[in-house]
Amino acid sequence: MSSYTKIIHLMGTKITLFIEGLNAEKLAEEAEQMLIDYEEAFSANSDHSQLALLKKEAGLHPLKIDKELYDLIKIGKEHSLNQDSYLNIAIGPLIKLWRIGFSEAHVPEDDAIKMVLDLLNPENIQLNDEHSSVLLSKKDMEIDLGAIAKGYFADQVMAFFKKNGATSAMVDMGGNVLVYGDSPQGENYWRTGIQNPFLPRGNAAAIVKIRNQSVVTSGIYERVLNQEGVHYHHIFNSRTGYPIENNIASLTIIADKSLDCDIYTTKLFGLDAASVIQKVSRIKDMGAIVITIDGQMAFTDNLKGKIDFQ
């Protein structure tokens, strides 16, 4: 029995893999190749990924794609169509218009924003289960899975570790944290930091104790654009074409699957803090921590006794 930690720089972030079990180093190497393959298929910023090919065929032809990518698009579309959902996988043209997080980020003209809004309807993602094919029914449509892909990748890597006998493991996809088994400190839970949205990265507002769960945080501090004294963040309202405006600085979701955490941090982000806590409280085996823009923190009842405030 051995343990191994591997750090990978991929997908624009730092990924940390920890495995305890037989052949830990070999499992880490194979997981790295899995992640490289995922990036090639799922990336919205590559001209050669299957998502890029879907964009090229938009308004023309359906395209048969890998089953894993098809399944994630199907899940993403379902949650994008939910009433009051702020997750929208058809948001690609809007993301590319603003480019927040990239050197060419800028505030688009109102007319340019209005022109792309018509391309953001997830109803226009047409799926064929029999052939695992996708048709984007309008020219210039583009799928962006950035809000949910890392959670999916984390779940797949962890399933691979478990299948191959890992007794303890962690997948940290640059903030998407998923753990299994006992922590390396010998405790039966792991301590995961919740970023303080008002301080530089690495400063925690709280530490949450988890076991066989995932923790994912979305916040208005992650990728920003400051222009003419106005602060724009990267979480958009696809109805208006502008960053979401509410009282939330960060939203953390805790659940068994990292994909569920990803989905709900985005899906609920446009609500006010009280509504988020109420909604998550009604979802089995899910918890939430909300930090508001005035520095208040709220969390669901099922996290009582599991949070250490910093």
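This is a predicted model: local features need pLDDT of at least 70, side-chain atom pairs count only at pLDDT 80 or more; totals for chains, interfaces and linings use all residues.

Is Tyr-38 buried or exposed? Tyr-38 is buried, at a relative accessible area of 6%, where buried means under 20% relative accessible area, exposed over 50% and partly exposed in between, with a 1.4 Å probe and protein chains only. Residues are numbered from 1 along each chain as its sequence is written, and side-chain values use heavy atoms, with hydrogens and water left out.

The structure holds 12 aromatic pairs, that is, rings of Phe, Tyr and Trp (its six-membered ring) with centres within 6.5 Å, called stacked if the planes are under 30 degrees apart, edge-to-face if over 60 and tilted for the rest. One of them joins Tyr-38 and Phe-153, whose centres are 4.8 Å apart with the planes at 10°, so this pair is stacked. The pair links distant parts of the chain, with Tyr-38 in helix H1 and Phe-153 in helix H6, 115 residues apart; helices here are DSSP runs of H or I with at least four residues, strands are runs of E with at least two, and both are numbered from the N terminus. Phe-153 is likewise buried, at 3%, and Tyr-38, Phe-42, Tyr-152 and Phe-153 form one aromatic cluster.
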